[in-house]
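Trainee: Could you walk me through how to read a model like this one? I'd like the general idea each time, and then the case at hand.

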Amino acid sequence: MPMVEITNLRKEYKNLVAVKGLSLTLEPGDIFGFIGPNGAGKTTTIKMLATLLDPTSGVARVDGIDVTEHPEEVRARIGYMPDAFGVYDDFKVWEYLDFFASAYRIPRPDRPALIDDVLELTTLTEKKESYVEELSRGMKQRLCLAKTLVHDPKVLLLDEPASGLDPRARIEIKELLKELKAMGKTIIISSHILPELADFCTSVGIIERGELIVAGPIDAVMREVTGGRVLEIRVPPSDRPKAAEILAGVEHVRGVKEAGDMLRVDYTGTLDDQSEVLLALIYGSVRVQSFAEQETDLEDIFLRVTKGLVA
Ligand SMILES: Nc1ncnc2c1ncn2[C@@H]1O[C@H](COP(=O)(O)OP(=O)(O)O)[C@@H](O)[C@H]1O
Ligand SMILES: [Mg+2]
């Protein structure tokens, strides 16, 4: 069963359609990068999933449960981190977490160990007795994430968790997200600035004016947008003509170019097919020194897809 299933979700504000029939399915463990410029409808979509806004029409389910029919049950399964979080400055860090743990009805005797766990996960153990107001912005952001974890939710809805952070704090958030990924959480993470989501999301969707213009596994999106992937192969100069000739005969190869000391291959096959390219070269006795797929550049995808659309 999908962990998140959105079908034709629509949200109208007075005279504006913020989300226009959005559909999306996420399997358990998926990390979905929800990308789009300001005003595209990311927050509105996330708030509907978080049961904080009623959809005008359409259906959203979390772990099989309808968000409008059973909001309480959905809330028990999600951790929602809003784009602007309220600060409870005169709380100590552990009190802040204890407050949310009690709101989620976690029994008092269970809370100290739980709080220690989430503090450790978010590397805030040393700040346990500090006041929230004494924390740096990056630490506050991590504390906010810690807060969304106290009830061990299956699904995390993170609305621009890295926005407004300096590069160092961004890296820390990213490390934390990787741990959450390893824990098997299903995560929706939105961004308008494209942080380095590419190496960490399993799928992405690009939203523009309330519509998902492209969505899917990250390399499928890449292929849809670029029409293929690029393989970079390093062979000694003397082997290059032979390599180019062999490559031209391999299925799914659309073109071969020399770029510096690399051969760049335009490739339309799947990841499973890709090993055939390397095998063909090896069988042809080409001395392959390195073989790699050009890195997925999310920024590039974004620019191609939204070209001319972004205000
Ligand atoms: N409460 C509201 N009332 C009216 N319009 C709203 C409200 N909240 C958001 N909008 C509008 O809906 C659109 C989508 O906003 P939002 O979901 O916040 O986008 P994003 O999070 O992608 O920046 C924008 O045009 C925004 O101005
Ligand atoms: Mg927003």
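Trainee: Let's start with the hairpin of E9 and E10: which residue there takes a positive phi?

Mentor: That's Arg209, with a positive phi near 45°, in a hairpin that has two residues between the strands. Bear in mind that this is a predicted model, where local features need pLDDT of at least 70 and side-chain atom pairs count only at pLDDT 80 or more, while totals for chains, interfaces and linings use all residues. Residues are numbered from 1 along each chain as its sequence is written, and chains are lettered from A and ligands numbered from 1 in the order in which they are written.

Trainee: How many bridges join E9 to E10?

Mentor: Six, and the two strands run antiparallel. As for the cut-off, two strands pair if DSSP finds at least two bridges between them. Ser203 has Pro217 in E10 as its bridge partner, and Ile206 has Val214. Ile206 in E9 also stands opposite Ile35, where E3 (residues 31-35) and E9 run parallel, joined by four bridges.

Trainee: Where do these strands sit in the sheet as a whole?

Mentor: They belong to an open sheet of six strands in the order E6-E7-E8-E3-E9-E10, with mixed pairing. E6 (78-81) and E10 are the edges: each has a single partner strand, so one side of each lacks a neighbour in the sheet. From one strand to the next the twist averages 10°. Helix H5 packs on this sheet, touching E6 and E7 (155-159), and its direction makes about 160° with that of E6. For angles like that, axes are lines fitted to C-alpha atoms, for helices over the stretch in contact, and angles run from 0 to 180 degrees between N-to-C directions. Two residues are in contact if their C-beta atoms, placed from the backbone, lie within 7 Å.

Trainee: Is E9 mostly covered or mostly open?

Mentor: Mostly covered: five of the six residues in E9 (203-208) are buried. A residue is buried if 20 or more other C-beta atoms lie within 10 Å of its own, exposed if 12 or fewer, and partly exposed in between, with C-beta atoms placed from the backbone. Over the protein, buried residues make up 35% of the 311 residues.

Trainee: What would an exposed case look like?

Mentor: Take Glu72 in helix H2 (residues 71-75). Glu72 is exposed because it has 8 other C-beta atoms within 10 Å. Its C-alpha atom is 8.4 Å from that of Thr51, which is 21 residues away along the chain.

Trainee: How do I read which side of a helix is covered?

Mentor: An α-helix has 3.6 residues a turn, so residues three or four places apart point the same way. In H3 (residues 93-103), the buried residues are Val93, Tyr96, Leu97 and Ala101. They cover an arc of only 135° around the axis, which puts them on the same side of H3; the arc is that of the directions from the helix axis to the C-beta atoms. These buried residues pack against H4 (111-121) and H5 (137-149). Just after H3, Arg105 takes a positive phi of about 60°.

Trainee: And the other sheet, the one with four strands?

Mentor: That open sheet runs E2-E1-E4-E5, with antiparallel pairing. E2 and E5 (65-66) stand at the edges with a single partner strand each, so one side of each has no neighbour in the sheet. H1 packs on the sheet, touching E1, E2 and E4, and its direction makes about 120° with that of E1. Six of the eight residues of H1 are buried, including Ile46 and Leu49.

Trainee: Which element gives the largest share of the shell around ligand 1?

Mentor: H1, with three residues. A residue counts as near if its C-beta atom, placed from the backbone, lies within 6 Å of the molecule. Among the residues around ligand 1 are Tyr13, Gly36, Asn38 and Lys42.
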